[in-house]
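Me: I should like to work through a protein model by question and answer. Please show me the sequence and the structure.

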Amino acid sequence: METYLNIDINLISALFLVFLSTYILKQFPSRAPEIKCLKAATYTGLIALLSESLNVVMIYDILPNTMPKLIIHHIAMLITYLAAAALPLMWTCFLYHYMQKKTDGNIKCNKLLLIPFILAVCIVLPTPFTGLMYKTNMVPPVYERGPLYMLVAAFELFYIVYNSIFIWSNRKHLSSREFLTLFAFEIFPFVGAVIQVMFTGVLLIWPLTTVGLILTYVYLQNSVVRYDPLTNGWNMRAFESFMDEQIKRNKKDFSLCFIDIDELEYINNTFGISEGDLSLKSFSKIILNTLPKDAHFVRYDGDKFIIFFNSLDLKKFLDLMKEIDLKVHHLNENSKKKYNIKYTYALDALDVDKYKSYSQLIRHLVNDVYEKKDKRKTMQTSKEKV
């Protein structure tokens, strides 16, 4: 009964991974290195689940004992153990590339992380002849762990511990939801590994790894839907959904700021669109690193943005904008670019006596910004004539 239960759990987990790889993965940019790593981890998990199920069939007295059965058993065992060594390394690569984007390339790759994987491979491959990882008797069907089983398990545990420390040390670059999702992937395989090491015959590592992969995919899918890929701010779809929730809860104690980047067209035409994108990315990074956790940054359209401030206190909001102004000023001073990042903004609180809806507040702020820009142009034109 336990044998068939292990097989059923593995096959159900495999079906989930097939669904993820067939349908959900297509929504992500295929050339992104972190997505390539995630795909590799998914396919590795799928192969491991199937090979482990095949191995259960081989080791237990389900089929007659023959030489082909013994060969298939050893192949399935090798694939399972090699996958167990490879997947933590693939997840480490995924985290590296994921954090590279979050930190603008400030994370360095440590090639020494390959050593545990290489050592594990060197132990696993000769095992059918040396019995280092496992020993098998087909008559009667008995599976025993080899003398170096715990060492290879320790190599895999090393990656889990390393990745957990890596996520924790870079938590300031992650939202709370990101942090919990990435950390959860480490927890599930760890729990499965501990149970499987303590109780021979209980196969939980790969099913629980599947749970971690599903959580990661769900989060990434939501990220694709909610976030602007260039600025890492919310897109308007996410913002409108959020504001609809605020209306349902009758929450009206917030303020909004509308921002329009000045001279982006000049930067694009003079230095190239990629440089214009870089200026938007640098500006957005300053805002995201400055805003409190209950505030939200939204890409309204192209070079226009909205900040949601969870308070009616305009003095605090203005102080926050002054802090952003100062950081942008420092960026311009320390940058070797031949242009400066400039912007115009307007902000106001949602006064129910003044605005009937948040949309009306946004329209007011948009008009206010354009009036400020028109006045500045008029003043510049007047100075040039003088």
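Me: At what angle do α10 and α11 pack?

Reply: This is a predicted model, in which local features need pLDDT of at least 70 and side-chain atom pairs count only at pLDDT 80 or more, while totals for chains, interfaces and linings use all residues. Residues are numbered from 1 along each chain as its sequence is written, and side-chain values use heavy atoms, with hydrogens and water left out. Helices (H or I, at least four residues) and strands (E, at least two) are DSSP runs numbered from the N terminus; axes are lines fitted to C-alpha atoms, for helices over the stretch in contact, and angles run from 0 to 180 degrees between N-to-C directions. The axes of α10 and α11 are 6 Å apart, and the packing angle is about 140°.

Me: Which word describes how α10 and α11 lie to each other?

Reply: Angles under 35 degrees count as roughly parallel, over 145 as roughly antiparallel, 65 to 115 as roughly perpendicular and the rest as oblique. The angle here is about 140°. The two helices α10 and α11 are therefore oblique.

Me: Which residues of α10 make the contact with α11?

Reply: Contact means heavy atoms within 4.5 Å. On the α11 side, I273, E275, G276, S279 and L280 take part. Their partners from α10 are L264, I267, N268 and F271.

Me: Why does the span of helix α6 agree with its number of residues?

Reply: The expected span of a helix is 1.5 Å times one less than its number of residues. Helix α6 has 21 residues (149–169), so it should span 30 Å.

Me: Is E263 buried, partly exposed or exposed?

Reply: E263 lies in the loop between β3 and α10, and has a positive phi of about 60° although it is not a glycine. Exposed means over 50% relative accessible area, and partly exposed lies between the buried and exposed limits. At 45% relative accessibility, E263 is partly exposed.

Conventions. Buried < 20%, exposed > 50% of the residue type's maximum accessible area, 1.4 Å probe, protein only.
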